[in-house]
Amino acid sequence: MPSSKPLAEYARKRDFRQTPEPSGRKPRKDSTGLLRYCVQKHDASRLHYDFRLELDGTLKSWAVPKGPCLDPAVKRLAVQVEDHPLDYADFEGSIPQGHYGAGDVIVWDRGAWTPLDDPREGLEKGHLSFALDGEKLSGRWHLIRTNLRGKQPQWFLVKAKDGEARSLDRFDVLKERPDSVLSERTLLPRHGEAATPAARPARRGKSGGKTPMPEWIAPELASLVEQPPRGEWAYELKLDGYRLMSRIEDGHVRLLTRNGHDWTERLPHLEKALAGLGLQRSWLDGELVVLDEEGRPDFQALQNAFEEGRGENILYVLFDLPYHEGEDLRDVALEERRARLEALLEGRDEDPLRFSATLAEDPRDLLASACKLGLEGVIGKRLGSAYRSRRSNDWIKLKCQLRQEFVIVGYTEPKGSRRHIGALLLGLYSPDEERRLRYAGKVGSGFTAASLKKVRERLEPLAVRSSPLAKVPPARETGSVQWVRPQQLCEVSYAQMTRGGIIRQAVFHGLREDKPAREVTGERPAGPPPLRGARKAGAGASRAATAGVRISHPQRLIDPSIQASKLELAEFHARYADLLLRDLRERPVSLVRGPDGIGGELFFQKHAARLKIPGIVQLDPALDPGHPPLLQIRSAEALVGAVQMGSIEFHTWNASLANLERPDRFVLDLDPDPALPWKRMLEATQLSLTLLDELGLRAFLKTSGGKGMHLLVPLERRHGWDEVKDFAQAISQHLARLMPERFSAVSGPRNRVGKIFVDYLRNSRGASTVAAYSVRAREGLPVSVPVFREELDSLQGANQWNLRSLPQRLDELAGDDPWADYAGTRQRISAAMRRQLGRG
């Protein structure tokens with residue numbers, strides 16, 4: 001009989017104050033769509049895979065030690081474990097040492113599953129048959145309960161014989177596709193564990209032979225890892241610059257960004273230097289950087305060099321040679337490619353061309369040194385690996401974390417299987433004469449069984465009844481605490497320190513004995529310079545200024561899941577105002593406001609009403625008779641003013657103020673059943689683009705920041721609202737008619753089960769679409785981001801970028817604009833197009 005509390009065992013094993021795993025307490029709306037599944041790769045005491053199927057409001061879960069296999073002849077043991085909450089399907093992160101399941105977790109696969117028989121009966125009788133539609137797994141599968149003895153039910157996970165089956169000898173999906181489907185993360189073996197071989201080992205001592213010169217070689221990209229893997233690796237510094245590929249044919253040089261855009265004219269000194277190498281047919285790979293006075297890459301200086309026309313200061317640091325004088329070296333071992341490249345650059349120390357040297361130290365020491373120097377981190381490359389034009393786990397990146405000493409002020413009791421302590425509470429003394437001890441957060445990760453015992457033994461004699469802190473943090477944040485005299489120090493690394501002085505993603509590294517506790521102050525590493533017009537707000541500040549707008553309650557959390565404050569949101573809009581205003585400036589704007597953050601009430605506002613927002617223009621009421629004035633945002637001040645008044649999202653009409661009765665674009669919003677795998681969205685986007693190509697219409701793409709994609713089609717201002725909406729509906733209906741198993745032209749969750757709704761309803765007068773570069777009022781604060789059509793296959797989700805990762809996205813674009821041609825594109829809807837859609 002099913003438990004009345006199916007997640008009771010899950011909750012019993014976990015302390016949600018210490019583990020980042022979802023608690024399952026968050027209510028979920030009933031779904032009328034497909035059932036979801038996920039497979040998580042879990043580097044716990046042993047690397048294994050967790051297979052999860054949604055059923056009856058939870059994820060039924062099995063631990064699969066050797067992972068799924070596409071070969072029907074291979075049976076993989078699957079040990080049934082406790083049910084997990086539905087939001088666990090999106091969990092990636094690190095479970096702290098000493099806690100149940102300690103180790104790193106990534107989402108290796110996800111998608112929808114369909115039972116082929118009654119699933120509850122199948123689970124009870126011990127044979128569950130189902131079909132998967134995921135990013136990596138698909139087709140028919142079986143879970144078969146065995147008679148093997150064990151503490152938990154033992155099943156076999158078996159692939160059925162169908163068109164999706166593959167022989168293990170020919171294709172091992174675990175090795176060929178090892179990475180996350182949600183992020184750049186991968187899991188590589190830790191020190192002391194067996195190394196996973198490269199998926200396709202490169203040749204040693206043998207070139208690729210004379211081959212035709214490729215028109216384009218996309219760069220190999222590195223996967224993010226948390227710690228150095230075991231095995232043979234070469235390490236280089238991670239450079240903070242722009243990636244650049246160089247193509248040399250018959251002595252003619254072309255400099256191409258990672259998206260294939262030609263920058264040769266912008267960098268004549270590098271064109272000349274590369275021509276001086278005397279190469280005839282070669283491809284080189286490297287990074288553009290500008291060095292500061294201390295020889296460190298300075299990204300802001302690089303941007304300034306382009307903006308101010310001082311390109312002669314830019315260096316080109318080269319690190320790979322995928323094609324050399326007619327020989328394709330992509331299948332040649334890394335170290336041999338780099339040896340050729342180093343020989344090419346020998347003796348050019350005064351040249352703008354530099355070689356990225358291999359650093360022979362231990363990678364942990366290298367990373368520590370890089371972080372102390374203020375660098376981004378280090379890049380590791382697997383020795384013997386081939387060059388692959390994709391994100392690969394043969395290239396990894398280790399990013400810097402902040403690290404310093406803290407005073408231990410207390411500890412919590414352990415929960416579940418953990419022993420001795422749960423977490424340490426940390427403090428820092430103020431650097432002023434008063435030397436007040438303030439709370440700085442907790443650390444529960446990074447301990448071993450021995451260190452947990454040692455720390456407890458050190459702290460027990462220091463126990464006191466009252467807190468040593470000047471201000472005691474809320475009990476909801478700390479839980480039940482045993483306070484201690486502030487005498488013992490520890491060293492902790494962390495990802496960030498909030499403006500309130502609280503550290504996030506902390507890792508314990510050991511106790512310290514080398515200095516008095518009162519010398520450990522709250523000095524924080526220098527951050528980027530403040531925005532123009534902004535004023536720093538301390539932990540107790542109630543107001544701050546950004547873009548000339550006073551921000552009240554700057555520390556109010558807009559998104560508690562990432563500790564994003566109102567001030568951070570305001571600074572984002574000030575920094576990227578120019579990008580947002582391209583879509584906002586000449587159109588009526590609607591706002592999604594959430595004064596209490598994304599967890600509070602959200603409401604949509606398209607009229608001024610009684611709300612007065614600094615800098616916002618109220619339009620002529622005659623434009624929308626019978627209503628208060630429409631809104632217009634024309635400046636950074638107005639944009640930040642809207643954030644000050646609680647705005648999170650910005651939406652725009654499909655017509656500009658030049659003529660509100662004649663739309664200058666239409667939008668197709670591809671809205672999927674949430675259970676569908678992302679690859680189905682990519683296929684739907686490509687199919688929709690193909691149809692628009694056949695109609696002779698050019699579309700511009702952006703991620704929605706939610707689940708889908710937006711296709712924007714610019715128009716001449718000659719068609720009325722009804723005509724444009726009717727045409728967009730015709731496209732939607734045409735796709736649904738051609739491929740009814742993929743598309744729906746009818747709104748509502750019940751009409752898109754297993755399908756993608758091509759939403760044409762945003763093309764009515766007064767309707768709006770979220771603006772390009774607008775933040776979305778969703779967990780993680782994702783951003784709606786323009787993309788190149790050529791990037792589609794590399795996208796990992798519609799919420800791929802958020803307000804913190806957008807800067808990296810813009811850095812990688814290196815000035816290239818996916819919508820550069822948008823303003824100059826004007827098209828009309830013709831009678832021939834309507835006939836093609838059956839509307840003749």
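Predicted model: local features only at pLDDT ≥ 70, side-chain atom pairs only at ≥ 80, totals over all residues.
Q: With which residue does Asp759 form a salt bridge?

A: In general, side chains of opposite charge can pair when their charged atoms come close. Here the partner of Asp759 is Arg762, with 3.9 Å between the closest N and O atoms. Asp759 has a relative accessible area of 10% and is therefore buried, whereas Arg762 is partly exposed.

Q: Which residue meets Asp583 in a salt bridge, and at what N to O distance?

A: Asp583 meets Arg587, and the N to O distance is 3.7 Å. Asp583 has a relative accessible area of 9%, so it is classed as buried. Arg587 is buried because its relative accessibility is 8%.

Q: How many salt bridges are found in the whole structure?

A: A search of the whole structure gives 49. One of the pairs consists of Glu21 and Arg14, joined at 3.1 Å from N to O, and both of these residues are buried.

Q: Which residues are linked with Glu21 in a network of salt bridges?

A: The network that contains Glu21 also includes Glu9, Arg12, Lys13, Arg14 and Glu82.

Q: How far from Asp179 is the nearest side chain of opposite charge?

A: The general idea is again that side chains of opposite charge can pair when their charged atoms come close. For Asp179, the nearest such side chain is that of Arg390, 5.5 Å away. The cut-off for a salt bridge is 4 Å, and Asp179 has none, although it is buried.

Q: Where is Asp179 found, between which elements?

A: Asp179 lies in the loop that runs between α3 (173-176) and β10 (221-224). With neighbours within four places in sequence set aside, its contacts include Ile106, Trp108, Lys136 and Arg185. Thr186, Ser223, Arg391 and Asn393 are also in contact with Asp179.

Q: In which sense do β1 and β6 pair, and over how many bridges?

A: Strand β1 (residues 35-43) pairs with β6 in the antiparallel sense, over 9 bridges. Within β6, Val105 stands opposite His42. Strand β5 (residues 93-95) also runs antiparallel to β6, joined to it by 3 bridges; there, Asp104 is the bridge partner of Ser94. The antiparallel pairing of β6 with strand β7 (residues 127-134) has 5 bridges, and Gly111 faces Gly134 of β7.

Q: Into which domains is the chain divided?

A: The division gives domain 1 (33-174), domain 2 (219-397), domain 3 (400-517), domain 4 (545-651) and domain 5 (663-834). Taken over C-alpha atoms, the centres of domain 3 and domain 5 are 48 Å apart.

Q: What separation do the C-alpha atoms of Pro614 and Gly548 have?

A: Pro614 and Gly548 are 66 residues apart along the chain, and 9.9 Å separates their C-alpha atoms. Pro614 belongs to the loop between β33 (603-605) and β34 (617-618). Its relative accessible area is 30%, so Pro614 is partly exposed. Apart from neighbours within four places in sequence, Pro614 is in contact with Glu637, Ala638, Gly641 and Met645.

Notes: Residues numbered from 1 in each chain as written. Heavy atoms only, no water. Pairing = 2+ DSSP bridges. Helix = DSSP H or I, 4+ residues; strand = E, 2+ residues; numbered from the N terminus. Buried < 20%, exposed > 50% of the residue type's maximum accessible area, 1.4 Å probe, protein only. Lys, Arg positive; Asp, Glu negative; His and termini not counted. Contact = heavy atoms within 4.5 Å. Domains from an automatic or database assignment.
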